[in-house]
Each structure stands twice: as C-alpha cells, then as structure tokens.
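Subject: Structure handover

Hello,

Here is the structure I promised to pass on. Please open it alongside these notes.

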Amino acid sequence: MDSAAVSSWIAHFAQLVAPASTVLDVACGGGRHAKFLAARGCRVDAVDHDAALAAQFAGWPAIRFLAADIEAGSWPYAGRSFDAVIVTNYLNRPLLPMLAAAIAPGGVLLYETFAVGHERYGRPRNPDFLLRPRELLAAFADLHVLAFEDGVVAQPAPARVQRLAAVRASADDHARLQLAAPAPEGHAL
Ligand SMILES: C[S@@+](CC[C@H](N)C(=O)[O-])C[C@H]1O[C@@H](n2cnc3c(N)ncnc32)[C@H](O)[C@@H]1O
C-alpha cells in the first residue's frame, strides 16, 4: 500500500489542516503525504531513515526532509510540536507517546496503518507492525476523536487497517470543533 497515491483517509481529513500549518510526516517514504500537504500550503517536516529519499524532495522548498532512524537514539523532534502529525503504513509502538507529544494544542493527528487481521492480505504479518483492536484509540486517548475506523478496505489493495483522525482540543475548543465535510457523492477522493 506504499503507492504514490494519497491515502483517501489523509486526503479527506486534510480539510482540517489549514494552509500554512506546520506538519510532521513520520516515516514519510517517498513523501506522498508530505507533498500533498506542501502543495496545500503547509510547511512540512518529513522524516525517514532512508537517506536516499532526500532526492524525492528536491524542488519542494516547503518540505524539510530529515534522514534519521527514529527507532534508535533520541527522538529528533523532542520539544517541538506541529499543527498536524501524519503517520501512514508505519508502526513503532515505543514512539506513540512522542507522536502524541508532537501534536500542538488544536493540532490534528491523522494515522492509518495495518491492523491485526491483515496477515491474510499480505505484509506486514509481524504482530509488531499490526495494530491491536482499538489500539490507536488507547494510544491517543487524550485527544478528541473525530473519526475512527477499523476494518477491511478494498482500495488501493485489500488490507485490514485501523485509522484515526483526532485533535488535541482544549475544553474551550469543544463547542467549535470542525468536522471534515462529506466527500461529494460519486467522487472518490
Ligand atoms: C511502508 S513505508 C510507508 C511510507 C509512507 N508513510 C507512506 O505511507 O507512503 C514505511 C516507511 O518507514 C520507514 N522506516 C522504517 N523504519 C524506520 C526507522 N527506524 N526510522 C525512520 N524511518 C523508518 C521506511 O524507510 C519506509 O519509508
């Protein structure tokens, strides 16, 4: 599922990320979401341990790529927070508290990755990389959940996924939380 096409989950909930927002794309790969958000006017920090990916971001001045192993050593974004944190097709459980801490007040988390049950569809099959039922809800329990799904998707390939859109909302924010508009009928995102 690591294709260049933007995830429909990310495309839909990107409505909640205002232009000029700061975004962190964690384990960004080729940068499909970093580029999608940068094209919408965001300033994106994108991190991946594959240094060769830097070439993918030539010509993208709004994207700051960092080659770093985020599973070893210190978390490179300690003390920093972002208006949106994006994670797709990646799971490293020890990082989840750091990701939560990287979401600024009012900021959005968009997370989508494979879940237990995906084994029948393909890789990953290692349980270390498969979310357990409701695991994203538990990991980000201090966020306000806008949308959560846990099931099988048919596109872009059959997969068992879990996905969360959530916001770090203060008590004052609750009355004016924005939901993403429904997708226009008949138009795939
Ligand atoms: C399946 S790809 C997903 C890429 C991207 N998020 C997407 O959905 O298109 C997983 C990515 O995690 C990166 N990755 C794996 N282990 C990592 C680590 N220890 N530190 C940083 N990046 C890592 C890989 O290099 C790869 O680009």
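Leu 109 has Ala 166, in E7, as its bridge partner. The strands concerned are E5 and E7 (residues 159-167), which run antiparallel and share seven bridges. Strands pair here if DSSP finds at least two bridges between them. Helices (H or I, at least four residues) and strands (E, at least two) are DSSP runs, numbered from the N terminus.

This is a predicted model: local features need pLDDT of at least 70, side-chain atom pairs count only at pLDDT 80 or more, and totals for chains, interfaces and linings use all residues. Residues are numbered from 1 along each chain as its sequence is written, and side-chain values use heavy atoms, with hydrogens and water left out.

Strand E5

E5 spans residues 103-114. Of its 12 residues, 10 are buried (under 20% relative accessible area; exposed is over 50%, partly exposed in between; 1.4 Å probe, protein chains only). E5 also pairs with E4, in the parallel sense, over six bridges. There, Val 87 has Tyr 111 of E5 as its bridge partner.

Tyr 111

Tyr 111 sits in E5. It counts as buried because its relative accessibility is 0%. A polar atom of its side chain lies 2.8 Å from the backbone oxygen of Tyr 90. That is a polar contact: a pair of N or O atoms within 3.5 Å; within protein, one must be able to donate a hydrogen and the other to accept it, and residues adjacent in sequence count only if both atoms are side-chain atoms. Leaving aside neighbours within four places in sequence, Tyr 111 has contacts (heavy atoms within 4.5 Å) that include Trp 9, Val 87, Leu 136 and Phe 140. Leu 164 is 53 residues away along the chain, yet the two C-alpha atoms are separated by 5.2 Å.

Arg 93

The loop between E4 and H3 holds Arg 93. Its side chain reaches two backbone oxygens: that of Pro 127 at 3.4 Å and that of Asp 128 at 3.1 Å. Beyond four places in sequence, the residues in contact with Arg 93 also include Leu 130, Leu 131, Arg 132 and Glu 135.

Helix H2

H2 covers residues 32-39, and six of its eight residues are buried. They are Arg 32, His 33, Ala 34, Lys 35, Leu 37 and Ala 38. These pack against H1 (8-13) and against strands E1 (22-26), E2 (43-48), E3 (63-67) and E4 (82-88). Gly 41 follows H2, with a positive phi near 105°.

Ligand site

There are 14 residues around the ligand (a heavy atom within 4 Å). Those that come nearest are Ala 27, Arg 32, Asp 48, Asp 69 and Thr 88. Arg 32 is also one of the buried residues of H2. A backbone N or O atom of Ala 27 is 2.7 Å from a ligand nitrogen. For a backbone N or O atom of Ile 70, the distance to a ligand nitrogen is 3.0 Å. Glu 71 uses its side chain, with an N or O atom 3.4 Å from a ligand nitrogen. The ligand taken alone exposes 590 Å², and the protein buries 82% of that (Shrake-Rupley method, 1.4 Å probe; for residues, only the protein chains shown count as cover).

Best wishes
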